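Here is a short report on one protein chain. Look over the sequence and the fold before reading on.

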Amino acid sequence: MHAVMKGSYQLTEIDERNLRALMSYLRVPTLRHRASQYERQIDREIFLSQFVRWAHDKPDLTQIEVDQMILAAAWQVNLLGIERDIRRIDKMQEEKVAGRATDDDGKKLKFSMTDVELINAVRTKHEQAQKTLASLMKELEESRSKRQKERDSRGHSLINLLDAWRD
């Protein structure tokens, strides 16, 4: 296998092809727009790193698959945000149950039905986000797998044709 020198790093042809494809994916306006919408730097970094992690070794993505990965990376950030909310709610719940939470007048706050409803709503939102992300990733994997099988079968057909011609 031929290797290409890039600076002090040595890239194989496959690595170079993957890198070129990844760079083209990163220039997609939808990706840049979505990343710019995150107010928190950490959310932007998670979004981009998740996308890169999923796309870095896939130089053959269709535009629809790139869009699906962008959407999946956004759902990953959403899921992590919901998990942050759950941790905050759990902490508030612990404070109220332990009797450490007080209002502005110094009265101890009690755990209310509204608190229970909030916790249930956030946990339901979390479960739905997990299902949505899993569904997106499954759909993406299935479409790529189907496309790769079709490409492989075309290659096998050509090989079979060449074998038949040779015989």
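## Two helices side by side

Helices α2 and α4 are roughly parallel to each other (an angle under 35 degrees). The model is predicted: local features need pLDDT of at least 70, side-chain atom pairs count only at pLDDT 80 or more, and totals for chains, interfaces and linings use all residues. Residues are numbered from 1 along each chain as its sequence is written, and side-chain values use heavy atoms, without hydrogens and water.

The axes of α2 (residues 29-36) and α4 (residues 63-98) come within 10 Å and cross at roughly 10°. Axes here are lines fitted to C-alpha atoms over the stretch in contact, with angles from 0 to 180 degrees between N-to-C directions. From α2, Thr30, Leu31 and Arg34 meet Asp67, Ile70, Leu71 and Ala74 of α4. Contact means heavy atoms within 4.5 Å. The residues of this contact are 4 nonpolar, 1 polar and 2 charged. Ala, Val, Leu, Ile, Met, Phe, Trp, Tyr, Cys and Pro count as nonpolar, Asp, Glu, Lys and Arg as charged, and the others, Gly among them, as polar.

## A residue in α1

Asn18 sits in helix α1 (residues 13-26). Beyond its neighbours within four places in sequence, Asn18 contacts His56, Asp57 and Pro59.

## The whole chain

The protein chain has 5 helices and 2 strands. Helices (H or I, at least four residues) and strands (E, at least two) are DSSP runs, numbered from the N terminus. Their order from the N terminus is β-β-α-α-α-α-α. Of the 167 residues, 29% are buried.

Notes
Angles under 35 degrees count as roughly parallel, over 145 as roughly antiparallel, 65 to 115 as roughly perpendicular and the rest as oblique. Buried means under 20% relative accessible area, exposed over 50%, partly exposed in between (1.4 Å probe, protein chains only).
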